[in-house]
Amino acid sequence: MVKTIEIKVIPNEENEENGLVKFELEGVTDFEFKYLTGSNLGDKSTNKSVEITISGDLQKDSSSSCKRLAEWAKATSAVSIYRQLEVVYKLKEEIIREYRFPNAFICDYIEGSKEKEKGYFRAIVMQKFEKIDDIKIKD
């Protein structure tokens, strides 16, 4: 089966005014969507988080978009931190699932190398807590 994972990072209106631009992430091989509830199950409404882990190959053709992802990860100003993230998962060109995080931020970003000449990247992206209900999931 041929799978494709399309990742788009889109600036919010505030971000565009500060020169941030939309980009598509190249080299993505895997993603994982998680809705997490902490150990305090007495109040699920205030003890939750939603994240998407995005993984892929860091190679020549993906290097530029991975650099943008790394720059987003190290952002510290409120205007640069929160962006819209769209993930589209397809099998044989048929959309299986779409996710839209309107106020996403990168919690953790990792780049490295496991084999000669083969690098990897992994980003854990979360939705701003107050905006979790704004996440859209479609099939």
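**Figure 1. Arg83, a buried charged residue without a salt bridge.** In this predicted model, Arg83 belongs to strand S5, which spans residues 83-91. The residue is buried, yet no salt bridge is found for Arg83. Glu71 carries the nearest side chain of opposite charge, at a distance of 7.3 Å; a salt bridge is counted within 4 Å. A polar atom of the Arg83 side chain does, however, lie 3.1 Å from the backbone oxygen of Ser80.

**Figure 2. Strand S7 and its pairing with strand S4.** Strand S7 covers residues 118-127, and seven of its 10 residues are buried, so the strand is largely enclosed by the rest of the structure. Strand S4 (residues 48-58) runs antiparallel to S7, and eight bridges join the two. One of the paired positions is Ile54, whose bridge partner in S7 is Ala123.

**Figure 3. The hairpin formed by strands S6 and S7.** Strand S6, residues 94-115, pairs with S7 in the antiparallel sense over 10 bridges. Phe105 has Met126 as its bridge partner in S7. Two residues lie between S6 and S7 in the hairpin. In the turn, Glu117 has a positive phi of about 65°.

**Figure 4. The buried face and the exposed side of helix H2.** Helix H2 comprises residues 63-73, and its buried residues are Ser65, Cys66, Leu69 and Trp72. Viewed down the helix axis, these buried residues fall within an arc of 115°, so they line one face of H2. Ser64 and Lys67 are exposed on the other side of the helix.

**Figure 5. Confidence of the prediction in helix H1 and strand S8.** The mean pLDDT of the protein is 86, and 88% of the residues score at least 70. Among the elements of the protein, helix H1 (residues 13-17) has the lowest mean pLDDT, 66. The highest mean, 95, belongs to strand S8, which consists of residues 136-138.

Methods. Residues are numbered from 1 along each chain as its sequence is written. This is a predicted model: local features need pLDDT of at least 70, side-chain atom pairs count only at pLDDT 80 or more; totals for chains, interfaces and linings use all residues. Side-chain values use heavy atoms; hydrogens and water are left out. Helices (H or I, at least four residues) and strands (E, at least two) are DSSP runs, numbered from the N terminus. Buried means under 20% relative accessible area, exposed over 50%, partly exposed in between (1.4 Å probe, protein chains only). Lys and Arg count as positive and Asp and Glu as negative; His and the chain ends are not counted. A polar contact is a pair of N or O atoms within 3.5 Å; within protein, one must be able to donate a hydrogen and the other to accept it, and residues adjacent in sequence count only if both atoms are side-chain atoms. Two strands pair if DSSP finds at least two bridges between them. The arc is that of the directions from the helix axis to the C-beta atoms. pLDDT is the predictor's confidence in each residue, from 0 to 100.
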